[in-house]
Every structure is written in C-alpha cells, then in structure tokens.
Amino acid sequence: MFDVDPHRFLEDLHMLRRFGKDGVGVRRRAFSEADIAARDWLAERIGEAGLLPQFDPLGNLFGLAPGRSLLIGSHSDTQPEGGWLDGALGVIAALEIARASAAAGGPAVSIVSFQDEEGRFGALTGSSVWSGKLALQEADGLRATDGMTFAEARAKLGSDVGDFVDPARFAGFLEMHIEQGPVLDQAKEAIGVVTGIVGLRQLQITVNGQQNHAGTTPMALRRDAFTAVTCISTLLEDRFANVVTPQSVWTIGHLRLEPNASSIVPGRAVFTLQWRDADAERLSRMERVILDTLDDVRLSSGCEISAERLRQDLSPMPMDETMQSVLSQAAEAVAPGRWRAMPSGALHDASNVAALMPVGMLFVPSINGISHAFGEDTAEADLVTGLQVLAEAVRRV
C-alpha cells in the first residue's frame with residue numbers, strides 16, 4: 001500500500017531537534033520562540049506532504065487529510081531541560097506515515113502536534129481542551145510559574161489561529177512515544193504495546209510558619225515551614241507502605257521557600273505533590289493518606305497548611321482493545337518475539353483523546369530509561385523499527 005522512508009524520517013527528526021537545541025538536549029517550552037518556530041516549520045512540512053495545516057485556538061497543529069481519516073501524532077513542546085525525542089518522535093513518525101500514504105494513494109492519515117503536553121500551564125493542556133475535558137475559559141486562567149497566563153501565551157499565535165478541528169472527522173488515534181522508562185531497554189526488546197495510561201492527581205500545598213532569625217531563634221521555638229515540608233515527605237514514605245504497589249509513584253517536584261535566604265528561618269513554603277497509579281481507587285486511598293498527613297503535621301508543627309488541587313484529575317485510561325490487537329499484530333510482523341504489552345507510567349495526550357475515539361499507543365526503548373533530561377536518547381535502529389511497526393498498524397487499520 002505504501003512504504004515509509006527511514007532516511008527522510010530521521011532527517012526530519014533531527015531537523016526538529018534544532019529548534020531550541022541545547023547541547024544534546026532541547027529547550028522548547030510551549031509558546032516559546034523555539035516552539036512557535038518549530039510549529040511553523042512543521043506546518044510547512046505538512047503542506048508539502050499534501051495535507052492541510054491548521055492551528056486551532058490552543059496552538060494545536062493539525063495536518064488534515066481530506067474526508068474521514070486516522071489521526072496520528074503526539075506533541076512537540078518539551079520540558080525546561082528536555083530530551084530531543086519526547087513527543088517529537090510521534091509527531092515526525094506521523095508526518096512520515098501521512099506523507100508516504102498520501103503519495104501512494106494509501107489510507108487517509110491526518111497528523112497532530114498537541115500544545116503544552118509537558119505542562120507549562122498544566123499537563124496535557126492542548127488535548128484537554130480539544131477533548132472537552134477542560135473549558136477554554138478555565139484554561140485561559142491557568143498560570144505558568146513565570147506568571148504568564150495561558151490566554152496571554154496563546155495570543156502569541158496571532159494570525160496563525162484557525163477554528164477548532166472537529167474530532168468526529170477522525171476514525172481513531174495512534175500515538176508513538178519513547179518509553180521514558182527502563183523496561184524495554186533492560187529486556188533488549190524493540191516495541192511496547194501500551195495497555196493503558198496511569199491516572200494522576202496533584203496538589204499545591206502551602207505551609208505558613210514563622211519567618212525569624214536563623215541565629216537567635218531556638219530550635220524548639222521555631223515554626224520552620226521547610227521542616228514541615230520534610231516531615232510531610234518522610235511521613236508519606238512510611239504511611240504509603242501498605243497502600244501502594246511497586247508501580248505507584250509520588251513526587252514533590254516543585255518547591256519554593258520564602259524568603260529563601262540562608263540566615264532566615266523559612267516562613268513560607270509552597271510545593272507540588274503529585275501521585276500516579278493505574279488504579280483509581282488506589283489514587284483515592286493515597287489522597288486520604290496525604291490529607292491525613294497534612295492534618296497531623298499541621299498540629300505537630302504549629303504551621304498553617306493548606307492544599308489546592310491543580311487542574312482536573314486525570315483518570316487511568318485503558319487503550320482500545322482493537323487498537324491494541326492491531327498494534328500487537330504489527331509488532332509481531334516487524335519485530336517477532338521482541339515486543340511486549342505494557343502499561344504507561346507517564347501521561348500522554350492519548351489518555352484525553354481516548355474519550356473521543358478508539359486509541360492505541362506504541363513505545364520504543366529509552367536508553368538507560370532516561371527521559372525529561374538532556375541525556376534522553378534511543379538508538380536510531382529502534383526509532384526506525386517503531387516507525388515501521390506504526391506504519392504496519394496503519395495498513396492493518
């Protein structure tokens with residue numbers, strides 16, 4: 001039906017890497033100059049492929065085939081210190097497959113690069129609004145850590161903005177991504193067929209203590225906001241023991257101390273606490289442990305502690321069984337005996353799109369399991385194998 005071109009695919013993937021390149025890594029935050037330039041470059045490639053490029057009001061970039069089509073893609077924004085493949089792989093693989101299929105008169109394939117998957121304004125922002133899980137008005141009020149609102153950021157798109165794309169024009173969605181973990185690399189396997197994506201909940205916790213002199217305030221009389229944070233973290237490690245599984249994870253990923261000076265007892269601490277699991281009930285049990293722990297530390301420390309939920313909850317999302325079957329057949333055809341079915345511990349736009357249409361997802365190995373870091377990488381042979389499996393799945397769909 002159609003044949004993909006691995007050389008052209010890798011060439012485009014390395015070209016996208018140049019936007020925001022920093023050493024071996026990439027800094028291409030959502031709506032940054034590098035991100036907008038990369039999307040403009042991608043829109044040109046989309047047009048050259050015979051597809052219609054269209055930016056929606058969120059900055060999501062679609063490459064639309066005529067009529068009803070299969071949608072493939074991922075995202076092209078990065079973490080502040082990101083790897084070159086996270087999201088970009090799925091976008092460029094989609095471009096190559098759509099381009100090859102269109103040239104050969106094969107199946108109708110459209111592509112997408114969702115905006116702000118990496119959470120400058122909250123995780124999966126572009127696909128959350130597009131899928132109807134988050135109202136645009138609510139999204140516009142989301143604020144990045146630098147103070148910019150989502151509304152202010154998307155105003156940078158200027159004349160590029162078009163209408164929302166109707167999800168009903170797509171028959172299904174496929175997303176290819178690096179694993180971002182060590183399983184495939186350690187097992188020397190080439191492909192992971194994703195069975196489901198974990199759920200996530202996140203709180204922003206504020207601790208108000210008493211700012212005071214670091215040299216003259218006795219330890220017993222302090223209401224140290226940072227000490228309260230460390231107590232919360234230590235207690236959670238112990239109290240989660242009988243609640244979680246080895247696949248459950250929780251992270252304090254952002255912490256701000258005030259006034260953040262070496263000779264002052266911190267009077268205020270603001271931090272994020274995120275937890276993920278594939279079981280919705282376990283997420284709720286973990287939340288009860290967290291809230292009880294905050295109450296206990298509030299009493300023992302004398303600090304005021306409040307918690308605010310960040311964004312909507314993201315529920316665990318199984319992948320479509322038919323899509324899983326097609327991807328498994330494609331993996332066996334291209335890489336016999338070198339693939340496995342596996343869950344995703346990372347969030348992906350596919351979890352939002354699954355509310356709209358059948359969704360399937362594919363992983364390729366991450367060397368040493370490294371991701372969200374400049375050291376993220378995948379062997380080119382594995383990148384090409386992933387492209388070929390995805391193309392075979394499109395033929396079978």
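Are Phe19 and Trp41 buried or exposed? Both of them are buried. Keep in mind that this is a predicted model.

Phe19 and Trp41 also make a tilted aromatic pair, with 5.9 Å from centre to centre and 45° between the planes. Phe19 sits in the loop between α1 (6–17) and β1 (21–22), while Trp41 belongs to helix α2 (residues 33–48), so their pairing ties together parts that lie 22 residues apart in sequence.

Searching the whole structure turns up 11 aromatic pairs. Another one joins Phe31 and Phe121: the ring centres are 6.2 Å apart and the planes meet at 75°, so this pair counts as edge-to-face. Phe31 is in the loop between β2 (25–26) and α2, and Phe121 is in the loop between β6 (109–114) and α4 (125–130), so parts 90 residues apart in sequence get tied together. Phe31 is buried, at a relative accessible area of 1%, and Phe121 is buried too, at 3%.

Rings can also link up in a group: Phe62, Phe114, Trp130, Phe170 and Phe173 form a cluster through ring pairs. Arg17 lies over the face of Trp84, 4.2 Å from the ring centre, and the charged end of Arg395 sits over the ring of Phe2, at 4.7 Å from its centre.

In soluble globular proteins, nonpolar side chains tend to be buried together. Here, the largest nonpolar core has 56 residues, and Phe9, Leu13, Ile72, Ile97, Leu174 and Leu383 are the ones with the most contacts inside it.

Take Leu383 as an example: leaving aside neighbours within four places in sequence, its contacts include Phe9, Leu13, Trp84 and Val364. Apart from this core lies another, of 38 residues, with Leu134, Phe150, Val194 and Met361 among them.

## A sheet with helices packed on it

Now for an open sheet of 4 strands, paired antiparallel in the order β11-β13-β9-β14. On average, neighbouring strands are turned by 20° against each other, direction ignored.

Helix α8 (residues 225–239) touches β9 (199–208), β11, β13 and β14, and its direction makes about 15° with that of β13. Helix α9 (residues 280–301) touches β9, β11, β13 and β14, with its direction at about 5° to that of β9.

Key:
Residues numbered from 1 in each chain as written. Predicted model: local features only at pLDDT ≥ 70, side-chain atom pairs only at ≥ 80, totals over all residues. Heavy atoms only, no water. Pairing = 2+ DSSP bridges. Helix = DSSP H or I, 4+ residues; strand = E, 2+ residues; numbered from the N terminus. Axes fitted to C-alpha atoms, helices over the stretch in contact; angles between N-to-C directions. Contact = heavy atoms within 4.5 Å. Core = buried A, V, L, I, M, F, W, Y, C linked by side-chain atoms within 4.5 Å. Buried < 20%, exposed > 50% of the residue type's maximum accessible area, 1.4 Å probe, protein only. Phe/Tyr/Trp six-rings, centres within 6.5 Å; stacked < 30°, edge-to-face > 60°. Lys NZ or Arg CZ within 6 Å of the ring centre and 35° of its normal.
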